[in-house]
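Subject: Structure for you to look at, with notes

Dear colleague,

I am handing over the structure we spoke of, and my notes on it follow below. Please read them with the model open beside you.

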Amino acid sequence: MRILWVSRHKMTAEQLDSLKKNYGDIEIINADRTFTNAQEIIDFTENIDVYAVVLPTEILVDLYKLLPADKDLIIPYSKRIPTGKKVLNSSTGDYEAEYMFVHDCWKKVICAEFETEKLK
């Protein structure tokens, strides 16, 4: 099972373990670059079974529309957990609660529609 990981961040061990539980024997292909449209992602490499992505909404929706029905499009979902510490917000000068993000699961995109209108 070939999985394309589209993100500027390295996949965490928890994300990788979760993929193995869901898909079995896997090969991860990293695409740690910026894509400007969905077609660039599809053209990036061949024989991909699963697209695991962190993308702007508009590109995510376009990718969903371009993928064949037999390809999975999944996104990572994380829990936001308070650490109990306070950190200085450099913008406001105030101390705020610190949080860490922990992988919770992968979500499969089963429907994607999104329309925007440019404001003047």
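Let me begin with Gln-15, which is found in helix H1 (residues 13-23); please bear in mind throughout that this is a predicted model. At 8% relative accessibility, Gln-15 counts as buried, and, leaving aside residues up to four places away in sequence, Gln-15 touches Trp-5, Lys-10, Pro-76, His-103 and Trp-106.

Two of those contacts lead on to the aromatic residues. A pair of aromatic rings is described by the distance of the centres and the angle of the planes. The count comes to two aromatic pairs here, and one of them is formed by Trp-5 and Trp-106, which are edge-to-face, at 5.8 Å centre to centre and with 85 degrees between the planes. Because Trp-5 lies in strand E1 (residues 2-6) and Trp-106 in strand E5 (residues 95-108), this pair ties together parts that are 101 residues apart in sequence. Trp-5 counts as buried, with a relative accessibility of 2%, and Trp-106 likewise counts as buried, at 12%. As for Phe-35 and Phe-44, their ring centres are 5.7 Å apart and their planes stand at 90 degrees, so that pair is edge-to-face. Phe-35 counts as buried at 7% relative accessibility, whereas Phe-44, with a relative accessible area of 30%, is partly exposed.

Two charged side chains also sit over rings. The charged end of Arg-80 is placed over the ring of Tyr-99, 3.5 Å from its centre, while Lys-107 lies over the face of Tyr-77, at 4.0 Å from the ring centre.

Turning to the sheet, five strands form an open sheet with mixed pairing, in the order E2-E1-E3-E4-E5. Its edge strands are strand E2 (27-31) and E5, each of which pairs on one side only, and neighbouring strands are turned against each other by 20 degrees on average, direction ignored. E1 and E2 run parallel and are joined by five bridges, with Arg-2 standing opposite Glu-27 in E2. Helix H1 packs on this sheet, where it touches E1, E2, E3, E4 and E5, and its direction makes about 20 degrees with that of E5.

Strand E3 deserves a paragraph of its own. E3 pairs with E1 in the parallel sense over four bridges, and three bridges join E3 to strand E4 (residues 72-88), these two also running parallel.

Finally, helix H3 (residues 57-66) has Ile-59, Leu-60, Val-61 and Leu-63 as its buried residues. These buried residues pack against helix H2 (38-44), E3 and E4, and H3 lies across E3 and E4, running at about 155 degrees to E4.

Key. Residues are numbered from 1 along each chain as its sequence is written. This is a predicted model: local features need pLDDT of at least 70, side-chain atom pairs count only at pLDDT 80 or more; totals for chains, interfaces and linings use all residues. Side-chain values use heavy atoms; hydrogens and water are left out. Rings of Phe, Tyr and Trp (its six-membered ring) pair if their centres lie within 6.5 Å; planes under 30 degrees apart count as stacked, over 60 as edge-to-face and the rest as tilted. Buried means under 20% relative accessible area, exposed over 50%, partly exposed in between (1.4 Å probe, protein chains only). A charge sits over a ring if NZ of Lys or CZ of Arg is within 6 Å of the ring centre and within 35 degrees of the ring normal. Two strands pair if DSSP finds at least two bridges between them. Contact means heavy atoms within 4.5 Å. Axes are lines fitted to C-alpha atoms, for helices over the stretch in contact, and angles run from 0 to 180 degrees between N-to-C directions.
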